[in-house]
Structure formats: C-alpha cells, structure tokens
Amino acid sequence: MTFIENLFGVIGDLTWGWSLIPILVVLGIFITALTGFVQLQFFRRMFRVLSSKNQSGDPNAISARAALLVSVGGRVGGGNIAGVAVAITLGGPGAVFWMWAIALVGMATSLVECSLAQLYKRREPDGTFRGGPARSIIHGLGAEYKWLAVLYAICLIAAFAIGFNAFQGNTVAGAAQESLGIDRVWSGLLLTVIAGFIVFGGIRRIAKAADIVVPVMAVAYLLMAIIVILINITELPGVLYSIVMNAFGLEQAVGGGMGAALAQGLRRGLFSNEAGLGSAPNVAATADVRHPISQGITQSFSVFIDTIVICSCTAFVILLGDVYTPGAEAIDGVVLTQQSLVSHLGEWTQYFLTFILLLFAFSSIIYNYYLGENALTVISEHPLAINALRAIVMGIVFLGAVAPGATAVFFFSDPMMGILALVNLIAIMMLLPTCLRILKDFREQLRAGVERPVLDPEKFPDLDIDRTAWTGRVSDEPARA
C-alpha cells in the first residue's frame, strides 16, 4: 500500500507539480492568440443562453441552457468558497487577480475543448447525445488512438465518479453534523437516496435537477455577497487597488510576494473552473444545438460564471471584512469565508453558508457521476455496467459521508485527474486545426448575416461526424440590425 501511495504521489508531482499548470497557461494563451481573442469577440453572445429556449423543438432534448447549468453545478463547489480563501491566505490579495487572468485565458481553452466535444458527439437510441474528449479522440484522431481514449475514460471514472464523489459526500455530512447536529449516517443515507433517484434517471433527470438546484444556489450566494459589497461599498476601491498592487509585487502581503500570488492564483483558478482539464466537455456534448461553436461559447461562459463571478464574491467577502490578516495562516479555507460572513452579517450566515455548501456538493455529485457514466460507455455500453457504476457511486457517496477518515483512501484522485488532463491537452493540440475550421465556418455565417449559424456536415466530408446529430437543421433568418 505504501508503494502504491508513493507511486501516485510521484504521478501527482509529475503532473500537478510542474507540468500541467504551465502547459495549461501557455496553451490557453496560444489558443487565445490563434483564435483572435474568441472569448472577447463572442462575450455578448454568452449571455443569450440564460434566456435561450430549446433550439430543436424536441421537448426531451437537452438545451444549451440545461447543459450550461449542469456544468456550472459541477464546476462551482468548495473551490469557490474554501479554495479562494486558501489562495488569499497563501498568496495574498494578489492571487485573486491571477485567478481572474487564468479564467479569461481558460475561457478560450474551454470553448475549443467543448466545441470539439459537440462536433464529434454521437446520437443515442433514446435521442440524447454523448460525447467528450474520449469520443473526440476516437473520431477525431482515429481508431488507432482508442487506447488513449480508454486511458482517459479510466482516469475520469476513478477521479470524478469515485474519488471526488467520496469527498463531496464527506463535505455534505461534515457540514450537516457541524452546523445542524445531524448524524453522518442519516445525512449520508438521505444524500445517497436523493442522488440515486437522480442518477438512475439518466442525463435528462440530471439536467432537470441542475435546472432547479444551480440557479438557487448561485443566486442565493450572489445576493449575500452583493449585500456585503453594498454595505462596504466605500472600501471596495481600496480592495481592488490592493488586489492589483499585490498581484505585481508592488505591495507584499505574504511571504513570496508576486511569486506566491501568481502560483496560488493560477493553481486555485484552474482547479476551480476546470478549463482544459477535460471534464466539462462531457456535459457540453449533451446539448442539442445548431453549431458546435455555439455550445463552446456557452461553456466558455461557464468558466466566467465560476471564477470571475462566484470566486470574486468570495474574495470580496473576505477582503472587505476584518477577519483576514495578511500573512496569518491560523484561519483558512471555509472557516475564513464563514467567519468573514459572520463579521459582516451576523451568526445566521454560518447556517446559510452550510446550506449553500450542501447544494454545491450535491450538484457536484450528480455532475461527477455523469462524467463517470459517459466515460464508461467508451469501454462498455452494456446496461449492467452502467447500473453497476450507479450502485458503486451511491455506495461511495455513503462511505465518504459516514467515515470521515475513509476519504483519505482516495489519494489517487488528483494524480488520475492529472493524467486525464494531460491526455485531454494532447487531444486539444492535435485537433486544434479542426476546431479552427469550424470556428471559421461559424464566423463566415455571422458575417453573411445569419443570426444563429448552423453546422452543415456536408461542408466537412473528411471529418468523422455523426450526420444524424446535425441533419434537419434549418438556417436562421438574417441577423437583426
């Protein structure tokens, strides 16, 4: 067991320790430049998805908005509350600036990986779609790369469906016990039953659950943060000044100066928004949209919501309060956020934050499960295998909830996530020319006056596209002036 733990420790060091973050940053900058700052060009279009309706006319189809909410529900979690607090504690206020910077770069990376997932998605017998990096590898790079897709799938199942779900179960049960006095067994059972009901219903039920849970948790947390900002509005310019000055080492808040701020901001930002890590494309592929780039733009917006909006809320709550002391590490993580809220609004906020954390963790559980199911279908689509995974995930959630120390067993999660991220980045780099082709097609239609571009698979006869996933689309009317 010691050998296995050491082996995964080495894998973690080789991926997250020195290679992944520089590669993600450099690739994101490269994609941003090569696409002509695509995340800025289509920024206004991102907001349309919030009020968009189903584009296919099929009432059972997964809309772009539903896919967005599922991915937001998965991305938004402890990293937005505890992770931001850790970044500020170890990197100072300047870490927030670098979280913003990596999010803006990551928006381009996310657009590319999610557009590719849409392009190579496959229609299922029940009318839904499946896709993601594994299928992009198989259909984009060729069958000879299936071994790479299988490696990706195994890592995704191990990291998200098993490892991270154990942690989420532990988060829910721990929060319920600490704040509400509910025994871990009962909260674990309740969480397991509710999660089981949703995951056994498939992606349609997962999307419907996300459509309810995600807006509630996001809006509730945003409203509380806005209240804090309004109460302390006169101090906000000073906080923004501190963030910028610390980011470039002009004012030092912690040991390490600009280096600490940069390292913590990039690391926590990437962990939070998952841009380039290969998880969100699995959900992006489920949407029934007119053009792959449309869903890429939507998922780019998910990165914006996660980091620029929600992480910023946590940062302002902490930096506008009097609990945080630069250089002091006695209070960090969720406790720092919790105590900062209490200092602003009173004791009731610690219970409110517990409720928000419960929703965050729950939405992450159903998101993590779907990633595992989608990955499993690359290896086996037999119903028995899928139902077995559902049962395993329910057991893992309960195990993580009732045994606080047991989650340490899932030491392999981060290293496995590191491997799948490297596989995804390899696929992105190899398939980037293809994505640039469909991006060019999208832009040409916009210039021709088409408000909502449509993918015509006949324009790309050399690509292994599922024609049934794109046939029957009707070009939109000319753009409004």
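Biologist: Why is helix 8 (residues 133-141) described as largely enclosed by the rest of the structure?

Modeller: This is a predicted model. A residue counts as buried when its relative accessible area is under 20%. In helix 8, seven of the nine residues are buried, so the helix is largely enclosed. Among the buried residues are Pro133, Arg135, Ile138 and Leu141. Just after helix 8, glycine 142 adopts a positive phi of about 115°.

Biologist: Is valine 193 buried or exposed?

Modeller: A residue is exposed when its relative accessible area is over 50%. Valine 193 has 55% relative accessibility and therefore counts as exposed. Valine 193 belongs to helix 10 (residues 184-199).

Biologist: How many salt bridges does the structure hold?

Modeller: A salt bridge requires a side-chain nitrogen of Lys or Arg within 4 Å of a carboxyl oxygen of Asp or Glu. The structure holds six salt bridges. One of them pairs arginine 122 with aspartate 464 at 2.9 Å, N to O. Because arginine 122 lies in strand 1 and aspartate 464 in the segment after helix 19, this pair ties together parts that are 342 residues apart in sequence. Arginine 122 is buried at 16% relative accessibility, whereas aspartate 464 is partly exposed at 36%.

Biologist: Which helices does the pair of glutamate 373 and arginine 390 tie together?

Modeller: The side chains of glutamate 373 and arginine 390 form a salt bridge at 3.2 Å, N to O. Glutamate 373 lies in helix 17 and arginine 390 in helix 18, so the pair ties together parts that are 17 residues apart in sequence. Glutamate 373 is buried, with a relative accessible area of 2%, and arginine 390 is buried at 11%. Through salt bridges that share partners, Glu373 and Arg390 join Glu124 and Arg130 in one network.

Note on methods: Residues are numbered from 1 along each chain as its sequence is written. This is a predicted model: local features need pLDDT of at least 70, side-chain atom pairs count only at pLDDT 80 or more; totals for chains, interfaces and linings use all residues. Side-chain values use heavy atoms; hydrogens and water are left out. Helices (H or I, at least four residues) and strands (E, at least two) are DSSP runs, numbered from the N terminus. Buried means under 20% relative accessible area, exposed over 50%, partly exposed in between (1.4 Å probe, protein chains only).
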